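Hi,

Here is the structure I promised to send over. Have a look at it first, then read my notes below.

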Amino acid sequence: MKAILKKPGEAPEIVEIDNDRKALSEMIGGRLESFTLATDACVLCNEEGCFKDLPFNVELMGNRFFGPILLVGVNGDEFCDFPVLDPWVERLTE
């Protein structure tokens with residue numbers, strides 16, 4: 001599926017990743033935690049990012065994220081392609 005990967009101190013990039021928990025966990029470096037962005041999108045992050053002293057990444061909608069994050073789409077209970085890629089890539093580089 002298509003997602004946006006944002007690593008601390010780096011520009012966001014559009015990535016293609018397998019839609020399974022193991023691949024998603026490996027990409028963010030730990031146990032998955034999700035934060036809703038909209039009814040069809042969320043942020044996946046390492047649930048222990050701030051406790052493991054991972055570097056600050058970005059603040060979105062009042063939440064501070066540490067370590068790598070993925071922006072993915074949501075369809076019911078499933079993750080899917082992120083619905084609108086380009087505006088979010090621009091927003092993450094501001």
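Let's start with Gly76, which is exposed because its relative accessible area is 60% (exposed means over 50%, buried under 20% and partly exposed in between, with a 1.4 Å probe and protein chains only). You'll find Gly76 in the loop between strand E7 (69-75) and strand E8 (78-80); strands (E, at least two residues) are DSSP runs, numbered from the N terminus. Its C-alpha atom is separated by 17 Å from that of Lys2, and the two residues are 74 apart along the chain.

A quick note on what you're looking at: this is a predicted model, where local features need pLDDT of at least 70 and side-chain atom pairs count only at pLDDT 80 or more, while totals for chains, interfaces and linings use all residues. Residues are numbered from 1 along each chain as its sequence is written, and side-chain values use heavy atoms, with hydrogens and water left out.

Now for Asn46, in strand E4 (residues 41-46). Asn46 counts as buried because its relative accessibility is 4%. A polar atom of its side chain lies 2.9 Å from the backbone oxygen of Gly29, and one lies 2.9 Å from the backbone nitrogen of Glu48. Beyond its neighbours within four places in sequence, Asn46 is in contact (heavy atoms within 4.5 Å) with several residues, including Ile28, Arg31, Leu54 and Pro68.

Two loop residues are worth a click as well. Asp53, between E4 and strand E5 (56-60), has a positive phi of about 55° although it is not a glycine. Asp53 is exposed, at 69% relative accessible area. Met61, between E5 and strand E6 (63-66), is not a glycine either, yet has a positive phi of about 50°.

Cheers

Terms used:
Helices (H or I, at least four residues) and strands (E, at least two) are DSSP runs, numbered from the N terminus. A polar contact is a pair of N or O atoms within 3.5 Å; within protein, one must be able to donate a hydrogen and the other to accept it, and residues adjacent in sequence count only if both atoms are side-chain atoms.
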